Amino acid sequence: MTEIIRIETGFQRWDELFALILSSFAYMDGVIDPPSSANRLTLAALAYKAQTEVAFVAIENEKLVGCVFCKPEEKFLYIGKLAIAPALQGKGLGRKLLAKAEEVAREKGLPALRLETRIELTGNHATFGRWGFEKTAENRHAGFDRTTSIEMQKRLA
């Protein structure tokens, strides 16, 4: 059974969380340009991110198998670093983590979730679409003259 808990003060499993994120995002290496921000993440930056955002981890058989970071914005709850252990992708864990994000958005009175995904990751676009997200914008990273990511939003009832 998978347990989803909020990262609180006293969380000590930073190495394991860092490894989970890197392994979950590794398939993007050589596929997206510019490279994923996960490749620039450090343990200190990850701990700071968890202190300044609302973060959850999924634990199965005492092992970290998923996470999501939620950053409140003026009109949205921004979803970042949604990571699922590669062996467990496609088994519903992402939906469970997003359900926690939806709870946070409702608690904070935010009417929608927002995320960004790279233009090359069409499988992610389709998955987020099945989860109720709709494309709302195309963006480009600094220094690029082409679309590098899309923004997607999910309105909450």
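Predicted model: local features only at pLDDT ≥ 70, side-chain atom pairs only at ≥ 80, totals over all residues.
Visitor: Which residue is joined to Pro34 by a cis peptide bond?
Guide: Look at omega for this bond: the value is about 5°. The bond is cis, and the partner of Pro34 is Asp33.

Visitor: Is His125 buried or exposed?
Guide: His125 belongs to helix H4 (residues 122–130). Buried means under 20% relative accessible area, exposed over 50%, and partly exposed in between (1.4 Å probe, protein chains only). The relative accessible area of His125 is 16%, so His125 is buried.

Visitor: Which residues does His125 touch, beyond those up to four places away in sequence?
Guide: Contact means heavy atoms within 4.5 Å. By that rule, His125 touches Thr117, Arg118, Ile119, Ile150 and Met152.

Visitor: Which backbone oxygen does the side chain of His125 reach?
Guide: A polar contact is a pair of N or O atoms within 3.5 Å; within protein, one must be able to donate a hydrogen and the other to accept it, and residues adjacent in sequence count only if both atoms are side-chain atoms. The distance here is 2.8 Å, and the oxygen belongs to Arg118.

Visitor: How many bridges join E2 to E3?
Guide: Two strands pair if DSSP finds at least two bridges between them. E2 and E3 form a hairpin with two residues between them. The strands run antiparallel, and the bridges number seven.

Visitor: Which residue in E4 stands opposite Gly66?
Guide: E3 and E4 pair in the antiparallel sense over six bridges. A hairpin of four residues links them. Opposite Gly66 stands Ile84.

Visitor: Is Glu62 buried or exposed?
Guide: Glu62 lies in the loop between strand E2 (54–60) and strand E3 (63–72). Its phi is positive, near 70°. The relative accessible area of Glu62 is 72%, so Glu62 is exposed.

Visitor: Is Lys81 buried or exposed?
Guide: Lys81 is in strand E4 (residues 77–84). Phi of Lys81 is positive too, near 50°. With a relative accessible area of 15%, Lys81 is buried.

Definitions and conventions. Residues numbered from 1 in each chain as written. Heavy atoms only, no water.
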